[in-house]
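This briefing is meant to be read alongside the structure shown below.

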Amino acid sequence: MILGGHVGGGVKAAPERAEAIGADALQLFVQSPRAWRFPDHDPEVLASYGDRARAAGIQATIVHAIYLCNFASPDDTIYGKSVSTLRDTVDTACAIGAEGVVFHVGSHLGSGFEAGLERALPAVEQVLERCSERTWLLIENSAGTGGTIGRSLDEVATLFERLNKHRRLGFCLDSCHLWASGYDVTDPVALDALLDEFDSRVGLDRLRALHVNDSATPLGSNRDRHANIKEGLMGDKLSVFLGNRRLQGLPALLEVEGQGKGPDANEMQKLRELWEAGTTARTRAPARKRGSSARRPATRGTRDSRSRGRRSG
Ligand SMILES: [Zn+2]
């Protein structure tokens, strides 16, 4: 895994902030998350992002669309603003060479899954056309609060199918949202079953990013409350998720509060410890019957050892 976190500072300062907390991957907003207004980015700042990220040792950049967006909203004003914001976000993500734009489909606010889907699909379709070979659109699974879409693997697969398996469409799975929507990602058997189903209905090649958060609310609670690493109900067992063989190689990003300012060096350190515990436990365990090692490219593991080496040395 390429371990990292969501950092502030925007396009200008995100790489140095990420480096300062010991991250090898970063997620950022490209506008203030509290307002619809989209900034006029300085083209030079956008153009220099790749070099600055490389210099800071950042191996993957993910842009997160702001949470105000709701593509399933029955309200035309919110819907229109959501679509134009995602368009601008994707354009900026392409300009900085990000690997993807993560977004939440949103909530149908009681109008029903199918009604929400009919709103969301054309919105996502038109933004997908602005994506590039490098910069994909990534749907994040939801915790299942209210009428949020993407609360189950079935809904995720439905989105994938109804968007005609667009070649630039991918997914981001959030450990806290999976847990809150009833998937026990701390149980190796349950996690393998989830990944088997994802692989058969969507394809693991479409899984492009992970959010790694502990949960402050119980399994299946449908409440979205991220907890700091080792401080929530998953605790040390989050190492099962982090150590899973089929999830290696992906950017794994913290979205935790830390000490109130978001992911920090301490959270990154705990994340690294749990990842190492998870991968060590896996390699020591006897070979499992489930899963298929043959499917994974052998090169993936080298990235992990490289990033680990960089940190320890
Ligand atoms: Zn998330």
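## Briefing on the fold

Helix H10 (residues 265-284) lies across S1, strand S7 (207-212) and S10, and runs at about 150° to S1. The model is a predicted one, and its eight strands close into a barrel in the order S1-S2-S3-S4-S5-S6-S7-S10, with parallel pairing. Neighbouring strands of this sheet are turned by 30° against each other on average, direction ignored.

- Strands of a sheet pair through backbone hydrogen bonds, either parallel or antiparallel.
- Glycine 8 has its place in the loop between S1 and H1, and, leaving aside neighbours within four places in sequence, glycine 8 is in contact with Arg17 and Gly262.
- Because 13 other C-beta atoms lie within 10 Å of its own, glycine 8 is partly exposed.
- Glycine 8 and alanine 216 are 208 residues apart in sequence, and their C-alpha atoms are 23 Å apart in space.

**Helix H1**

- Helix H1 (residues 10-21) packs on the sheet, where it touches S1 and strand S2 (25-28), and its direction makes about 140° with that of S2.
- The twelve residues of H1 reach 15 Å from the first C-alpha to the last, which is close to the 16 Å expected at 1.5 Å a residue.
- Val11, Ala14, Pro15, Arg17, Ala18 and Ile21 are buried in H1, and what covers the buried residues of this helix includes S1, S2, helix H2 (43-47), helix H3 (49-55), helix H4 (76-96) and H10.
- Glycine 22 follows H1 and has a positive phi, near 85°.

- Strand S5 (residues 136-140) and S6 run parallel and are joined by four bridges, with leucine 137 standing opposite leucine 169 in S6; together with helix H6 (residues 153-162), S5 and S6 make a right-handed β-α-β unit.
- On its other pairing, S6 is joined to S7 in the parallel sense over four bridges, and aspartate 174 stands opposite histidine 211 in S7.
- Strand S6 (residues 169-174) is mostly covered, six of its six residues being buried.
- In a regular strand the side chains alternate between the two faces of the sheet.
- In S6 both faces are covered, with Leu169, Phe171 and Leu173 buried on one side and Gly170, Cys172 and Asp174 buried on the other.

**The nonpolar core**

- The largest nonpolar core has 82 residues, of which Leu3, Val101, Leu137, Leu138, Leu210 and Ala252 touch the most other members.
- Leaving aside its neighbours within four places in sequence, leucine 137 is in contact with Val90, Val101, Val124, Val127, Leu128, Cys131, Arg168 and Leu169.

- Leucine 109, which has its place in the loop between strand S4 (100-103) and helix H5 (113-128), has a positive phi near 55° although it is a residue other than glycine.
- Leucine 109 is partly exposed, because 17 other C-beta atoms lie within 10 Å.
- Lysine 165 is not a glycine either, yet its phi is positive at about 50°; its place is in the loop between H6 and S6.
- Lysine 165 counts as exposed, because it has 11 C-beta neighbours inside 10 Å.

Key. Residues are numbered from 1 along each chain as its sequence is written. This is a predicted model: local features need pLDDT of at least 70, side-chain atom pairs count only at pLDDT 80 or more; totals for chains, interfaces and linings use all residues. A nonpolar core is a set of buried Ala, Val, Leu, Ile, Met, Phe, Trp, Tyr and Cys residues joined through C-beta atoms within 7 Å. A residue is buried if 20 or more other C-beta atoms lie within 10 Å of its own, exposed if 12 or fewer, and partly exposed in between; C-beta atoms are placed from the backbone. Two residues are in contact if their C-beta atoms, placed from the backbone, lie within 7 Å. Two strands pair if DSSP finds at least two bridges between them. Helices (H or I, at least four residues) and strands (E, at least two) are DSSP runs, numbered from the N terminus. Axes are lines fitted to C-alpha atoms, for helices over the stretch in contact, and angles run from 0 to 180 degrees between N-to-C directions. A crossover is right-handed if, with the strands pointing away from the viewer, the path from the first strand over the helix to the second runs clockwise. The expected span of a helix is 1.5 Å times one less than its number of residues.
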